[in-house]
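Visitor: I am new to this structure. Please show me how to read it.

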Amino acid sequence: MDETSDEPPTSAVLLDNCHFSQVVFNNVEKFYVPGGDVTCYYTLTQNIAPRGKDWVGIFRVGWKTTREYYTFMWAPLPSDARSDTAVQQQIQFKAYYLPKDDEYYQFCYVDQDGVVRGASVPFQFRAETEDDILVVTTQGEVEEIELQNRNLHKENEELKASCASLQKQNIDLQEELNKTQELQNSLESLRCNTEKLELELNSLKKENKHLKELDDCREAELRQLKEQIQNVTSDKERLETRLKTALDRMDQLQSQALNYEKEVENLSHMDRDKTEQLESLKEENRQLRMTRTQQKEQNKKLGRCMEYLKGSKAKRSLCLSRCLQNGRQQNRNLMKELEEQKRLFQILQAKKNEADEENQKLREENDRLLRHLSQEVSSFSVVSQAQAPIPAPEVGGLLFGNPYSDFIRNYFVLQASIRKCPICDEVFPEDIETSQYEVHVQSHLLECPLCSETFEESNKQVFDDHVFCHRLE
């Protein structure tokens, strides 16, 4: 076999489809001596274009396809790439890869598509003998050989006809096989489509059953919606009551906070008065010290009165120190009382903030309930419209009609056409501009210049106390 590890490109093409005239083998010997290298000479005609995977193989005579090669060598590409002239080439087969028997072999040129493009005359691998030099036959033997050749030629023609018939049958069977494959694919496709249709049919049946169940539950849902609307209405009334109670409590807390602020202000005034008294006592003490200095300077002049003055001065100093201690104690008491009032004010402020937060939560909960009521009413109207195509005595799918339809319609019409001031309850027409309405509402409010918090105009005292608290901070 070939010393290379790559397998050559072969095919199952029969001999009738090969072109043996495109490559011509030259100087082919009848016998090649075993154990020696063999050089193959061949000519590439202008009818063939050599390619990189073309190869030259040694085949045993009687081969049917190119897969039956004994050994091969890759065909070198010619140095002259012009295709309009013939090119002489040669390949050397090593003795190690050559056959060892005395069967007949021949060279074949095979392109990279596995098609034979040329074949040589048969030859053998054996030593040449004298019997091969001259062969003498009689006339009878010649005639017998010619008869055998004619018979072999006839058999060859019959075999060719049979091969052509078999090829035609093979082509017909291949076409029938392709048609059968197409029919089988169509059958598989039809099966898949049938399965899909069956699945869709089952799905539609389930959906139809589900729709029937939904239709049976629709009236029960409508009754539940009516009960939910009633419950929401009662919840709204209860929440309005809680909101009113919370607002009243907030007003009470604001009044208490106002009273505490006034008490804190009075205590601060008292603290200022005590501070002024303390300053006056300090001033008096300073004057007494100045007097004492003057008395020391006049000590020589008032020697006899020294004892008397010293006793009087000691008494007076004791009285002053006692007064100062009393004043300092009163000042400390006033400072403690002031701190207590401040702490109480902070507690009241925290309670007021909690009341504001609770009020805000109640308002948010009221708004949420109003939105929930609007959504329930909208969903109720949508459900009523969805039930309209079902034959019934009244519109909406209910036996005695929708008892809330007039209320719902009037509610939305009234909300859409009326604008009412939330402070003075003044009603504005529908065509009024939004800016005018906002200016009117803003005229009832007082805005803090420090924190931008708004108060109603009726609560001006609360607004003033709020601003005063900012000044204390």
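**Reading the features**

Guide: Start with a pair of residues: Val23 stands opposite Leu44 in β3. This is a predicted model, where local features need pLDDT of at least 70, side-chain atom pairs count only at pLDDT 80 or more, and totals for chains, interfaces and linings use all residues. Residues are numbered from 1 along each chain as its sequence is written, and side-chain values use heavy atoms, with hydrogens and water left out.

Visitor: How many helices and strands are in the protein?

Guide: Helices (H or I, at least four residues) and strands (E, at least two) are DSSP runs, numbered from the N terminus. The protein has five helices and 13 strands.

Visitor: Which order do the strands of the open sheet have?

Guide: Strands of a sheet pair through backbone hydrogen bonds, either parallel or antiparallel. Two strands pair if DSSP finds at least two bridges between them. Here three strands form an open sheet in the order β1-β3-β6, with antiparallel pairing. Its edge strands are β1 (23-26) and β6 (87-93), each pairing on one side only. Between β1 and β3 (residues 38-44) there are four bridges.

Visitor: Is Asp465 buried or exposed?

Guide: Buried means under 20% relative accessible area, exposed over 50%, partly exposed in between (1.4 Å probe, protein chains only). Asp465 has a relative accessible area of 13%, so Asp465 is buried. Asp465 sits in helix α5 (residues 460-472). In the protein, buried residues make up 25% of the 473 residues.

Visitor: Which residues does Asp465 touch?

Guide: Contact means heavy atoms within 4.5 Å. Leaving aside residues up to four places away in sequence, Asp465 touches Leu258 and Glu261.

Visitor: How many salt bridges does the count come to?

Guide: Side chains of opposite charge can pair when their charged atoms come close. A salt bridge is a side-chain nitrogen of Lys or Arg within 4 Å of a carboxyl oxygen of Asp or Glu. By this rule there are nine. One of them joins Asp101 and Arg60 (3.6 Å, N to O). That pair links distant parts of the chain, 41 residues apart.

Visitor: Why are Asp235 and Arg238 separated by about one helical turn?

Guide: Because they are three residues apart in helix α1 (residues 139-297). Asp235 is partly exposed at 24% relative accessibility, and Arg238 is partly exposed at 45%.
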